[in-house]
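Here is a short briefing on one protein chain. Look at the model first, then work through the points below.

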Amino acid sequence: MANAKQHENLLLTEHFTWPPITLLDEIINTVNEVLYKCTDSLETGLSSADPAILGFASRYATEQRQAPLDEDGRPVYEEAKLEVEEGILKLETLMEAAVDKNFDRLEIWALRNVLCLPADVAEWVRLGHYENLTIPPQDTTITPETLHTLRRKLLETQKLHAALLAEKSRNAAQIEKLRSLLQSAPSKREPRSSTSPAKPQDTLAAAPFAFLTHTPAAQ
């Protein structure tokens, strides 16, 4: 037996044609997608920036370190890429935690105040497709044994229906074969030259029993 909250969820799901929690999940998923796009763009921008602008040159100078040079004579800061990736990962983790915390609050508030029904109203709500619906009285004579018997009858009826359809298909094929034996094919004249006489067509070869229906005596 469903409790009041489950009954409310079932009613709202039937009304919206989707569970109420689905709307909140879609909102959170959309926010997460925007979050990941932001962090990806930020990582792309930092990775393409000059490490000297990001402060690596000052660090090397403070630590009295000399950065190696590349083929073009520009300094190469080897730890720049690693630190950018680690920083983006930490930022993404913090943003995910903030989204989860705040949108969990939104989910709780929405389920309690928006996607809900008052307790004294839920029992009186009737959806549009239930208008003018007559509910038959409850039959107390139905027992598990009766349901089992009805289920067995239904299965046997379905088997009989399938067998009758198969028999109908076989009978239709047999009737077509019999009709082909009775119907004579139209005679075709072969082209002949002026020196060769015309040869009569054997019209009974294709339909050997056509004389039963197509001869003057049969008619």
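Val31 sits in helix H2; helices (H or I, at least four residues) and strands (E, at least two) are DSSP runs, numbered from the N terminus. Val31 is partly exposed, because its relative accessible area is 24%. Here buried means under 20% relative accessible area, exposed means over 50%, and partly exposed lies in between (1.4 Å probe, protein chains only). This is a predicted model: local features need pLDDT of at least 70, side-chain atom pairs count only at pLDDT 80 or more, and totals for chains, interfaces and linings use all residues. Residues are numbered from 1 along each chain as its sequence is written, and side-chain values use heavy atoms, with hydrogens and water left out.

**Val31 and its partners**
- Val31 is in contact with Val99 and Phe103, leaving aside neighbours within four places in sequence; contact means heavy atoms within 4.5 Å.
- Val31 and Phe103 are 72 residues apart along the chain, and 9.4 Å separates their C-alpha atoms.

**Helix H2**
- H2 has 29 residues and reaches 43 Å from its first C-alpha to its last.
- That span is close to the 42 Å expected at 1.5 Å a residue; the expected span is 1.5 Å times one less than the number of residues.
- Which residues of H2 are buried? They are Pro20, Leu24, Ile28, Asn32, Leu35 and Thr39.
- The buried residues of H2 pack against H1 and helix H4 (79–113).

**A nonpolar surface patch**
- Trp18, Leu23, Ile27, Leu106, Trp109 and Val114 make a nonpolar surface patch of about 520 Å².
- Patches are made of residues with over 30% relative accessible area and no salt bridge; like charges are joined within 9 Å, and nonpolar side chains (Val, Leu, Ile, Met, Phe, Trp, Tyr) within 5 Å.
- A salt bridge is a side-chain nitrogen of Lys or Arg within 4 Å of a carboxyl oxygen of Asp or Glu.
- H2 and H4 are the elements that give two or more residues to the nonpolar patch.
- Ile27 lies in helix H2. Ile27 counts as partly exposed because its relative accessibility is 33%.

- Is Glu8 buried or exposed? Glu8 counts as buried, because its relative accessibility is 9%.
- Glu8 belongs to helix H1. Glu8 touches Leu115, Cys116 and Leu117, not counting residues up to four places away in sequence.
- Thr17 lies in the loop between helix H1 (4–16) and helix H2 (20–48).
- Thr17 counts as exposed because its relative accessibility is 67%.
- Thr17 is not a glycine, yet its phi is positive, at about 70°.

**The whole chain**
- The chain has 7 helices and 0 strands. From the N terminus on, its elements run α-α-α-α-α-α-α.
- Of the 219 residues in the chain, 11% are buried.
- Take the contacts between residues at least 6 apart in sequence: 66% of them join residues at least 24 apart.
- The chain exposes about 18100 Å², and carbon and sulfur atoms supply 59% of it. Accessible areas come from the Shrake-Rupley method with a 1.4 Å probe; for residues, only the protein chains shown count as cover.

**Confidence**
- The mean pLDDT of the chain is 79, and 79% of its residues reach 70 or more. pLDDT is the predictor's confidence in each residue, from 0 to 100.
- Confidence is highest in H2, at 91, and lowest in helix H7 (residues 211–214), at a mean of 62.
- Where pLDDT is low, the predicted coordinates should not be read in detail.
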